[in-house]
Amino acid sequence: MRILIVEDEKKLAGFIHQGLSQAGYITEVCYDGSEALDMAIKNEFDMILLDLMLPGINGFDFLKNIRTFGAETPVIIISAIADSKQVVQGLDLGAVDYIRKPFEWDELLARIRTASRFSTKSGQQKIKIDDLEIDIPARKVKRSHSEIELTSKEFILLEYLARNANLVLTKNQLLENAWNMNFDPESNIVEVYMHQLRKKIDKGFDNQLIKTVIGAGYMLKGNKQY
(Lines give C-alpha, C1' and ligand atoms only; values in the text may rest on other atoms or scores of the structure.)
Protein backbone atom coordinates (compact mmCIF):
# COMPACT_ATOMS: atom_id res chain seq x y z
CA MET A 1 0.00 0.00 0.00
CA ARG A 2 1.35 3.41 -1.02
CA ILE A 3 0.62 6.29 1.38
CA LEU A 4 1.18 10.02 0.90
CA ILE A 5 2.01 11.84 4.15
CA VAL A 6 1.15 15.56 3.97
CA GLU A 7 2.61 17.18 7.07
CA ASP A 8 4.66 20.39 7.37
CA GLU A 9 6.14 19.49 10.76
CA LYS A 10 9.21 17.66 9.48
CA LYS A 11 10.00 15.80 12.70
CA LEU A 12 6.48 14.35 12.91
CA ALA A 13 6.43 13.60 9.18
CA GLY A 14 9.71 11.71 9.55
CA PHE A 15 8.36 9.77 12.53
CA ILE A 16 5.24 8.71 10.61
CA HIS A 17 7.27 7.88 7.51
CA GLN A 18 9.71 5.71 9.45
CA GLY A 19 7.00 3.92 11.40
CA LEU A 20 4.87 3.15 8.36
CA SER A 21 7.90 1.98 6.39
CA GLN A 22 8.77 -0.42 9.19
CA ALA A 23 5.15 -1.61 9.18
CA GLY A 24 5.49 -2.52 5.51
CA TYR A 25 3.93 0.48 3.77
CA ILE A 26 5.41 2.46 0.89
CA THR A 27 5.38 6.14 1.85
CA GLU A 28 6.11 9.53 0.34
CA VAL A 29 6.27 12.77 2.32
CA CYS A 30 5.26 16.27 1.27
CA TYR A 31 5.46 19.40 3.46
CA ASP A 32 3.37 21.76 1.29
CA GLY A 33 -0.36 21.59 0.50
CA SER A 34 -0.07 22.79 -3.10
CA GLU A 35 2.76 20.40 -3.91
CA ALA A 36 0.87 17.55 -2.24
CA LEU A 37 -2.21 18.24 -4.37
CA ASP A 38 -0.09 18.05 -7.51
CA MET A 39 1.44 14.76 -6.33
CA ALA A 40 -1.96 13.29 -5.44
CA ILE A 41 -3.42 14.16 -8.84
CA LYS A 42 -0.48 12.95 -10.92
CA ASN A 43 0.38 9.78 -8.96
CA GLU A 44 -1.46 6.75 -7.66
CA PHE A 45 -1.72 6.58 -3.88
CA ASP A 46 -3.79 4.15 -1.84
CA MET A 47 -4.22 6.57 1.06
CA ILE A 48 -3.37 10.11 2.15
CA LEU A 49 -2.59 11.26 5.70
CA LEU A 50 -3.38 14.97 5.76
CA ASP A 51 -2.58 17.77 8.19
CA LEU A 52 -4.92 20.77 8.01
CA MET A 53 -2.60 23.69 8.75
CA LEU A 54 -0.24 23.64 5.76
CA PRO A 55 1.73 26.13 3.67
CA GLY A 56 0.59 26.52 0.08
CA ILE A 57 -3.04 25.51 0.50
CA ASN A 58 -4.57 24.26 3.73
CA GLY A 59 -6.04 20.82 4.24
CA PHE A 60 -9.63 21.93 3.62
CA ASP A 61 -8.73 23.40 0.22
CA PHE A 62 -6.70 20.28 -0.54
CA LEU A 63 -9.80 18.14 0.04
CA LYS A 64 -12.00 20.41 -2.09
CA ASN A 65 -9.55 20.35 -4.98
CA ILE A 66 -8.68 16.66 -4.95
CA ARG A 67 -12.35 15.69 -5.14
CA THR A 68 -12.87 18.22 -7.96
CA PHE A 69 -10.25 16.34 -9.96
CA GLY A 70 -12.16 13.10 -9.37
CA ALA A 71 -9.63 11.42 -7.08
CA GLU A 72 -11.28 9.01 -4.64
CA THR A 73 -8.21 8.18 -2.55
CA PRO A 74 -9.16 7.72 1.14
CA VAL A 75 -7.92 10.64 3.24
CA ILE A 76 -7.31 10.54 6.99
CA ILE A 77 -6.96 13.96 8.62
CA ILE A 78 -4.31 14.16 11.34
CA SER A 79 -4.56 17.51 13.10
CA ALA A 80 -4.26 19.27 16.44
CA ILE A 81 -7.48 21.16 15.67
CA ALA A 82 -10.16 20.01 18.09
CA ASP A 83 -13.03 22.29 17.09
CA SER A 84 -15.97 20.02 16.24
CA LYS A 85 -17.18 22.28 13.42
CA GLN A 86 -13.84 21.97 11.63
CA VAL A 87 -13.77 18.22 12.21
CA VAL A 88 -17.22 17.96 10.61
CA GLN A 89 -16.12 20.24 7.77
CA GLY A 90 -13.18 17.98 6.98
CA LEU A 91 -15.35 14.87 6.99
CA ASP A 92 -18.01 16.57 4.86
CA LEU A 93 -15.32 17.47 2.32
CA GLY A 94 -14.56 13.79 1.85
CA ALA A 95 -12.11 12.68 4.54
CA VAL A 96 -12.89 9.19 5.82
CA ASP A 97 -11.47 9.70 9.32
CA TYR A 98 -10.05 12.31 11.70
CA ILE A 99 -7.27 11.70 14.22
CA ARG A 100 -6.36 14.35 16.76
CA LYS A 101 -2.72 15.06 17.60
CA PRO A 102 -1.04 13.76 19.65
CA PHE A 103 -2.10 10.24 18.72
CA GLU A 104 -1.23 6.70 19.75
CA TRP A 105 0.76 4.83 17.11
CA ASP A 106 -1.31 1.65 17.30
CA GLU A 107 -4.46 3.72 16.83
CA LEU A 108 -3.08 5.27 13.64
CA LEU A 109 -2.24 1.84 12.23
CA ALA A 110 -5.73 0.59 13.09
CA ARG A 111 -7.35 3.63 11.45
CA ILE A 112 -5.27 3.06 8.30
CA ARG A 113 -6.37 -0.58 8.12
CA THR A 114 -10.00 0.45 8.53
CA ALA A 115 -9.79 3.32 6.03
CA SER A 116 -8.31 1.01 3.39
CA ARG A 117 -11.78 -0.53 3.08
CA PHE A 118 -13.05 2.76 1.65
CA SER A 119 -10.78 2.46 -1.36
CA THR A 120 -12.60 2.28 -4.69
CA LYS A 121 -9.63 2.50 -7.06
CA SER A 122 -9.16 -0.58 -9.16
CA GLY A 123 -6.23 -2.72 -8.21
CA GLN A 124 -5.97 -1.52 -4.65
CA GLN A 125 -7.40 -4.58 -2.96
CA LYS A 126 -6.13 -7.53 -4.98
CA ILE A 127 -3.82 -8.01 -7.94
CA LYS A 128 -3.47 -11.25 -9.90
CA ILE A 129 -0.60 -12.01 -12.27
CA ASP A 130 -1.27 -15.36 -13.95
CA ASP A 131 -1.61 -17.75 -10.96
CA LEU A 132 -0.01 -15.33 -8.48
CA GLU A 133 -2.53 -13.62 -6.18
CA ILE A 134 -1.67 -10.60 -4.01
CA ASP A 135 -4.17 -9.48 -1.37
CA ILE A 136 -2.87 -6.02 -0.48
CA PRO A 137 -4.93 -5.12 2.63
CA ALA A 138 -4.46 -8.60 4.12
CA ARG A 139 -0.80 -8.64 3.00
CA LYS A 140 -1.13 -12.22 1.78
CA VAL A 141 0.36 -13.84 -1.30
CA LYS A 142 -0.65 -17.09 -2.98
CA ARG A 143 0.56 -18.95 -6.02
CA SER A 144 -1.57 -21.74 -7.44
CA HIS A 145 -3.69 -21.36 -4.28
CA SER A 146 -0.73 -22.08 -1.97
CA GLU A 147 0.15 -19.32 0.49
CA ILE A 148 3.66 -17.86 0.35
CA GLU A 149 5.26 -16.32 3.43
CA LEU A 150 7.04 -13.04 2.69
CA THR A 151 8.87 -10.59 4.90
CA SER A 152 7.53 -7.05 5.10
CA LYS A 153 10.14 -5.73 2.67
CA GLU A 154 9.65 -8.63 0.25
CA PHE A 155 5.92 -7.86 0.18
CA ILE A 156 6.56 -4.17 -0.56
CA LEU A 157 8.90 -5.12 -3.38
CA LEU A 158 6.45 -7.63 -4.86
CA GLU A 159 3.57 -5.16 -4.60
CA TYR A 160 5.55 -2.52 -6.49
CA LEU A 161 6.50 -5.04 -9.18
CA ALA A 162 2.87 -6.17 -9.47
CA ARG A 163 1.48 -2.65 -9.77
CA ASN A 164 3.92 -2.14 -12.63
CA ALA A 165 3.62 -5.61 -14.13
CA ASN A 166 5.11 -6.09 -17.61
CA LEU A 167 7.21 -2.93 -17.25
CA VAL A 168 10.97 -2.98 -16.78
CA LEU A 169 11.85 -1.41 -13.42
CA THR A 170 15.38 -0.16 -12.88
CA LYS A 171 17.41 -0.76 -9.75
CA ASN A 172 17.06 2.94 -8.96
CA GLN A 173 13.25 2.79 -9.22
CA LEU A 174 13.12 -0.20 -6.88
CA LEU A 175 15.37 1.51 -4.34
CA GLU A 176 13.34 4.72 -4.39
CA ASN A 177 9.93 3.07 -4.18
CA ALA A 178 10.53 -0.02 -2.03
CA TRP A 179 13.26 1.36 0.22
CA ASN A 180 12.84 5.15 -0.10
CA MET A 181 16.56 5.27 -0.89
CA ASN A 182 18.54 7.12 -3.54
CA PHE A 183 20.66 5.13 -5.96
CA ASP A 184 23.84 3.71 -4.46
CA PRO A 185 25.99 1.99 -7.11
CA GLU A 186 27.85 0.07 -4.40
CA SER A 187 24.74 -1.46 -2.84
CA ASN A 188 23.57 -4.95 -3.83
CA ILE A 189 20.42 -4.84 -1.68
CA VAL A 190 18.13 -5.04 -4.71
CA GLU A 191 19.93 -8.09 -6.09
CA VAL A 192 19.78 -9.83 -2.71
CA TYR A 193 16.05 -9.23 -2.25
CA MET A 194 15.19 -10.10 -5.84
CA HIS A 195 17.06 -13.39 -5.43
CA GLN A 196 15.09 -14.15 -2.25
CA LEU A 197 11.80 -13.12 -3.83
CA ARG A 198 12.42 -15.19 -6.94
CA LYS A 199 13.07 -18.30 -4.82
CA LYS A 200 9.77 -17.83 -2.99
CA ILE A 201 7.63 -16.88 -5.98
CA ASP A 202 9.06 -18.93 -8.85
CA LYS A 203 10.79 -21.97 -7.33
CA GLY A 204 9.08 -25.17 -8.48
CA PHE A 205 7.12 -23.49 -11.28
CA ASP A 206 7.81 -23.83 -15.00
CA ASN A 207 6.35 -20.36 -15.58
CA GLN A 208 8.92 -17.96 -14.15
CA LEU A 209 7.15 -14.66 -13.42
CA ILE A 210 10.12 -12.59 -12.23
CA LYS A 211 12.41 -11.70 -15.12
CA THR A 212 15.86 -10.12 -15.12
CA VAL A 213 16.29 -7.78 -18.07
CA ILE A 214 20.06 -7.66 -18.54
CA GLY A 215 21.43 -4.15 -18.38
CA ALA A 216 18.02 -2.67 -17.59
CA GLY A 217 16.36 -4.04 -14.46
CA TYR A 218 13.59 -6.41 -13.42
CA MET A 219 10.05 -7.22 -14.51
CA LEU A 220 7.09 -9.18 -13.15
CA LYS A 221 5.70 -10.63 -16.37
CA GLY A 222 2.28 -12.17 -16.85
CA ASN A 223 -1.41 -11.59 -17.48
CA LYS A 224 -2.47 -8.89 -15.01
CA GLN A 225 -5.97 -8.90 -13.54
CA TYR A 226 -7.74 -6.96 -10.77
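Trainee: What share of the contacts between residues at least 6 apart in sequence join residues at least 24 apart?
Mentor: That share is 58% in the protein. Keep in mind that this is a predicted model.
Trainee: How many helices and strands are there?
Mentor: The protein has 8 helices and 12 strands.
Trainee: And how does the radius of gyration sit against a compact globule?
Mentor: A compact globule of 226 residues would come out near 17 Å, and the protein has 18 Å, so the two agree. The C-alpha trace spans about 60 × 40 × 30 Å along the principal axes.
Trainee: How much of the protein is buried?
Mentor: Buried residues account for 46% of the 226.
Trainee: Let's take helix 3. Which of its residues are buried?
Mentor: Helix 3 covers residues 59-68, and its buried residues are Gly-59, Phe-60, Phe-62, Leu-63 and Ile-66.
Trainee: Where do they fall around the axis of the helix?
Mentor: Looking down the axis of helix 3, the buried residues lie within an arc of 160 degrees, so they line one face.
Trainee: Different topic, the surface. What's the accessible area?
Mentor: About 11,300 Å², with 50% of that belonging to carbon and sulfur atoms.
Trainee: And how many charged side chains, positive and negative?
Mentor: There are 29 positive and 32 negative side chains, and the centres of the two sets are 4 Å apart.

Definitions and conventions
Residues are numbered from 1 along each chain as its sequence is written. This is a predicted model: local features need pLDDT of at least 70, side-chain atom pairs count only at pLDDT 80 or more; totals for chains, interfaces and linings use all residues. Side-chain values use heavy atoms; hydrogens and water are left out. Helices (H or I, at least four residues) and strands (E, at least two) are DSSP runs, numbered from the N terminus. The radius of gyration is taken over C-alpha atoms; the globule rule is 2.2 Å times the number of residues to the power 0.38. Buried means under 20% relative accessible area, exposed over 50%, partly exposed in between (1.4 Å probe, protein chains only). Contact means heavy atoms within 4.5 Å. Accessible areas come from the Shrake-Rupley method with a 1.4 Å probe; for residues, only the protein chains shown count as cover. Lys and Arg count as positive and Asp and Glu as negative; His and the chain ends are not counted. The place of a charge is taken as NZ of Lys, CZ of Arg, CG of Asp or CD of Glu. The arc is that of the directions from the helix axis to the C-beta atoms.
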